[in-house]
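This report looks at charged side chains that pair with one another. Please have the sequence and the model open while reading.

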Amino acid sequence: MKRGIIVETKSALEIKDLRKSFGSKNVLNGVNIEVYRGEIIGYIGPNGAGKSTTVKLILGLLEDYDGEIKVLGENIKNSDGSYKKRIGYVPEVADVYESLTAKEYLTFIGQLYGMEYDDIDKKAKELMEVFNVGESYNSRLSNFSKGMKQKVMIIASILHNPDILFWDEPLSGLDANIIMIVKELLEELASKGKTIFYSSHIMDVVEKISDRIILINEGTVIADGTFEELKLQINEGSLENIFNELTGFSMHKETAKKIISIVEGEV
Ligand code: ADP
Ligand code: MG
């Protein structure tokens, strides 16, 4: 454990033999995951592997699955939904209400989580300032850049001080400076016993922030361990292709040369 803190041995997330299909298409084929409180998990896999489907099932946004999902010890099938108040979520596709201002959006979300309006307003404004977008607090989201929207989504996910964060491709569109802040932020949250489940198809940030990486491919977990442990397995050959894809090593010189030759070639 990097930070030298005591991780509670209590489970934050338990997924057993999770299966999900859309029509005849099997998307999750028996996923098993156990996450403890205070862990930062990188949930990594190529596009189409089933990451967002897993997260949406955990959040109750998708239904009809086989297997078991427990969040903070509670089986979500038997839950009245109150567990959702302890979750923060950054969705992969930010369908934010573009006609709202950041203030309107964040106070709306905060109220859904049961917070007092003045409390949300104060915290949201302060967080916007920390993320360098304070001057846009009263601007409409339709005027925000992709990176600015991502910041608002991140703020919306932490505003109610949740116990578990589910971030689905959260850092697309953010600049390096903010990524460093986010990295520190996640470490601070984890040291307070919060759990972070960070889903992405690119390894770059995940490798730096995760205590543990869970690799998923074609709806099955194919590796689970620290980045160093995963690298050892790669040297043994078993994960090479998938790992290359995730880290971008497969963007070979040959491909680049081929592109040039096509561009330069005679028709
Ligand atoms: P990831 O987030 O890892 O890129 P997803 O979980 O979004 O992958 O998708 C996994 C697979 O499930 C993909 O092949 C995708 O096309 C399919 N899929 C996702 N959602 C639906 C849906 N609502 N209906 C049909 N197929 C879906
Ligand atoms: Mg996805």
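Which residues are linked with Arg212 in a network of salt bridges? In this predicted model, Glu39, Arg212 and Asp224 form such a network, a salt bridge being a side-chain nitrogen of Lys or Arg within 4 Å of a carboxyl oxygen of Asp or Glu. The structure holds 12 salt bridges, and three of them are set out here.

| Pair | N to O distance |
|---|---|
| Arg212 and Asp224 | 2.8 Å |
| Lys194 and Asp163 | 3.6 Å |
| Asp119 and Lys123 | 3.8 Å |

Arg212 forms a salt bridge with Asp224, and this pair links distant parts of the chain, with Arg212 in strand 9 and Asp224 in strand 10, 12 residues apart. Helices (H or I, at least four residues) and strands (E, at least two) are DSSP runs, numbered from the N terminus. Arg212 is buried at 13% relative accessibility, whereas Asp224 is partly exposed at 37%; buried means under 20% relative accessible area, exposed over 50%, and partly exposed in between, with a 1.4 Å probe and protein chains only.

Asp119 and Lys123 are 4 residues apart in helix 3 (residues 117-130), which separates them by about one helical turn. Asp119 is partly exposed, with a relative accessible area of 34%, and Lys123 is partly exposed at 37%.

Residues are numbered from 1 along each chain as its sequence is written, and chains are lettered from A and ligands numbered from 1 in the order in which they are written. Local features need pLDDT of at least 70 and side-chain atom pairs pLDDT 80 or more, while totals for chains, interfaces and linings use all residues, and side-chain values use heavy atoms, leaving out hydrogens and water.
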